[in-house]
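Grab a pencil and open your viewer. Here are a few exercises to work through, each with its solution spelled out.

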Amino acid sequence: MFEISDISVDYHSLTKDENYIFVTDSWKPIISYQVISDRRDTSLRSACIKMNQWEKNTDEQRVLVYEGEPLHPFSNYEITITAEDDEGNTACKTVSFQTAKLGSKWGAKWITDTSQKTEAGKSPRPLEFMKKFTVTKPVEHAYIVATAMGIFDLYLDGNRIHEDYFAPGFTDYEYHLQYNYYPLKLTEGEHELRAIVASGWACGRTTNVSNTNQSVSMLSAKTPAFLGELTIHYKDRTEEKILTGTDFLVAESANYLFADFYDGEIYDPRQSITLWKEAEIAELSVHPKLICCYGERIHAHEHMEAKSYTKTENGTYIFDFGQNFAGVIEFFVRSQSGRIITVRHGETLENGKLYVQNLRSAKQTVQYICKEGEQYYSPRFTYMGFQYAEVEGIDDEMIASGDFVISAKAVYSDIAPIGSFTCSNEDLNQLQSNIVWSGKSNFVDIPTDCPQRDERQGWTGDIALFVETACFNFDMNRFLAKWLKDMKVEQGALGAIPFVVPLRKGVTPKITTSCWGDSCIMVPYALYQNFGNKTILTEMYPVMKKYLSDVRRWAGLGAIKTGSTNIFALPFQFGDWCAPYGNIKDWLSKGAWTGTAYYSFACRLMAEIAECLGKEKDANDYRRKSEKIAETYLRKFMNGEGALPKEKEFQTGYVLPLYFGFGEEKLRQKMAHHLWNLICEQGKHISTGFTATPYILFALADAGLVKEAYELLLQDTNPSWLYQIRKGATTTWEQWAIIKEDGQMNEGSMNHYAYGAVGDFFYKRICGLTCTKPGFNEFQVKPMVGGDLSYAKCTHESPYGQIEVSWERDAVEEKLYHLQVTVPVGAHCDVVCNQLHERIGSGTYEFEWREA
Ligand code: BGC
């Protein structure tokens, strides 16, 4: 068997969901494909890729850029790939995709209703836009392209025509705005098109300061606005367009009395709009480029069952979904008209009550006013971070008789799950599950810090730290490339990367700072390594360079104080952010160490990136700079023996230089021992904040302290990863102990992914799977056994196909281990286990090795 198993365009698989038409606005689509074979060591002799008149013969499988004649808007294209393996077997596959507007002009006009009055500090009420039209002859096909200032749902004849949530997503609306394409089934007769547009990110309350006057400037529109073009192709080859304009009607939604992300939704199904008026042409304050959806769309994924419920003394019911997540509830109810059902959402309980203090000002509440009879409700224009839903307005009888049945749906972007990790330790399996859930919960169109409180912002540092782990577990390529497009346009004039992206005109600072700023290098680098996306490096290279020149400028300015132009401390550093010791002041005071260490690391990554882009001189300059900074760190901050001064010792201060590769091997050994001694002094506990937590186990294990790394990983008293598991966590927390040992709450988010960045260690060290040539074209398998694990296994759907690694301790002979590795066609793997060194091609292989 030799087959082409997948073909993707612009990194979107065209074979995995056959019901979905992939639509793109890219002029030069990027084509990749995967092949599978049941014969070991299969290699590709050649392949021929055909699209239009364009033909390319190649043995490459990845990132082939279409270079044929220009594409036309709204056209269907076929790609046919014929591949031949090294034995002459052939395989062939054809797929199709579609273009959207491809930059062609919009005839439609933005419409809104500026007479809508909104209370200061509140999000505007959803608007509905409506147009009736008649189809008088047979239709060949029809479609609509639509977008909004706000988030929209589209209805044809009373039926919603899509499953997407929150279209057109969150971008910096000053520059980019996505639009969506939907095919329509139209028959002859009367029709009604309706768009409901809620405030969303463009005109809703979406920052923790947006109830102050200051933040009004952040909003991209004062009232929701809509833009749409419906095209009908008739069988007689004529065409008709229905364009938004003043012949559309508008009214405040009669059903959606309120909707925004932080506070929730109020829905009354009993009402209908009685007073329509002519839509107004909207004068938008922003003029973004409209591009057909280039990120991942947002959908409901897991169905969440309520595991149990309790009745509170106030007569409300608290339902427990057994899992913290981002999403929405849904319920069926049989009731008389007028019953008000209110649902509040929270991540945990405190003394049997819903805990809401960590939501800050976000209300996370939905309210539903029943009509008569059986009905279903689930919010459409908001989402919540929660495990518990407190319901008011129902009674025992309704629950017992099935007149009220609640469940929920996890809602997040379509980041395909591509990885798994399991091992013999159930706590670590739970931790892996928590990491994955924190990922899902925070990938709602942009990489957010948290899904529950009045924040949910694209904090750059959080994803810089989590990106490696994320890329093992999910296909992050399109999702993050979309986000980076906003980062690129939002970079400050001198190079600063905003703390949050999209920042829009926001109030969060744009100040050059390490780690958070380094996201402009670390995130594209991860997309290149994991998915072979070289385009993103080319795109982002000027941003990275400008950012580093600003770092250099600040380091230069700071030299008056620090005594070296290699120390990056000014103007501001997050330092040991969220460390378990001290307070914010203490964390920030570590800025010179973290800033400088990251400065060296960023230059090292830049050297690699420059080399990959063929910029030799830059590569050399950055490499030298990286080394100089590393030397300065060792000389200025440590004694010659790799030790920090006793009174200034902190774990992060060792972890970063170790992980970033500072100093000679001998010195590194010493540093690792100082680190371990410090960990021991702290009762074998971790005490790093955001910036070093992802790296601490690597720092120990790679210096030979494998047993110690496992000991730290398996620690279960506070602070530690497994302490959270012991406290029942189902997602990873913002701080080590959100629930304190005595059960009291430490205000903070229970769904932040930064500490979950330890997941990278599961794949790269426990299973030993590391990518050695971008896109896993070549990779290494070098397991690190320990922690009394009797087996570990990971899978990863790489750009070439499925990789599997599993090892198991022999049932009889303790030091003997069995290993199984699966390599996809087109890739090679180096297996390195003690005395065993072997290079293998595609197929599944088994090995044995003995630990010393
Ligand atoms: C966010 C973080 C973020 C941090 C930086 C917090 O409020 O939740 O995760 O990186 O601020 O200041």
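This is a predicted model: local features need pLDDT of at least 70, side-chain atom pairs count only at pLDDT 80 or more; totals for chains, interfaces and linings use all residues.

## Exercise 1: two more bridges

**Task.** Take the salt bridges Asp 263 to Arg 205 and Arg 344 to Glu 392. For each residue, decide: buried, partly exposed or exposed?

**Solution.** 
- Step 1: the Asp 263 and Arg 205 side chains meet at 3.0 Å, N to O. Asp 263 is in the loop between strand 20 (256-260) and strand 21 (264-267), and Arg 205 is in the loop between helix 1 (200-203) and strand 17 (225-234), 58 residues apart.
- Step 2: buried means under 20% relative accessible area. Asp 263 has 10%, so it is buried; Arg 205, at 6%, is buried too.
- Step 3: for Arg 344 and Glu 392, the closest N and O atoms are 3.1 Å apart. Arg 344 belongs to strand 28 (residues 340-346) and Glu 392 to strand 33 (residues 384-392), so this pair ties together parts 48 residues apart in sequence.
- Step 4: Arg 344 comes out as partly exposed at 29%, and Glu 392 as partly exposed at 35%.

## Exercise 2: around the ligand

**Task.** Work out which polar side-chain atoms lie 2.9 Å or 3.1 Å from a ligand oxygen, and how much of the ligand's accessible area the protein covers.

**Solution.** 
- Step 1: go through the shell, which includes Asp 449, Arg 453, Trp 516 and Phe 690. By class, the shell has five nonpolar, one polar and five charged residues.
- Step 2: pick out the distances. Glu 455 has a polar side-chain atom 2.9 Å from a ligand oxygen, His 752 has one at 2.9 Å, and Trp 516 has one at 3.1 Å.
- Step 3: turn to the cover. On its own the ligand has 310 Å² of accessible area, and the protein covers 92% of that.
- Step 4: follow the charges. Arg 360, Asp 449, Arg 453, Glu 455, Glu 734 and Glu 747 are linked in a salt-bridge network.

Definitions and conventions: Residues are numbered from 1 along each chain as its sequence is written. Side-chain values use heavy atoms; hydrogens and water are left out. A residue is near a molecule or strand if one of its heavy atoms lies within 4 Å of it. A polar contact is a pair of N or O atoms within 3.5 Å; within protein, one must be able to donate a hydrogen and the other to accept it, and residues adjacent in sequence count only if both atoms are side-chain atoms. Accessible areas come from the Shrake-Rupley method with a 1.4 Å probe; for residues, only the protein chains shown count as cover. Ala, Val, Leu, Ile, Met, Phe, Trp, Tyr, Cys and Pro count as nonpolar, Asp, Glu, Lys and Arg as charged, and the others, Gly among them, as polar. A salt bridge is a side-chain nitrogen of Lys or Arg within 4 Å of a carboxyl oxygen of Asp or Glu. Helices (H or I, at least four residues) and strands (E, at least two) are DSSP runs, numbered from the N terminus. Buried means under 20% relative accessible area, exposed over 50%, partly exposed in between (1.4 Å probe, protein chains only).
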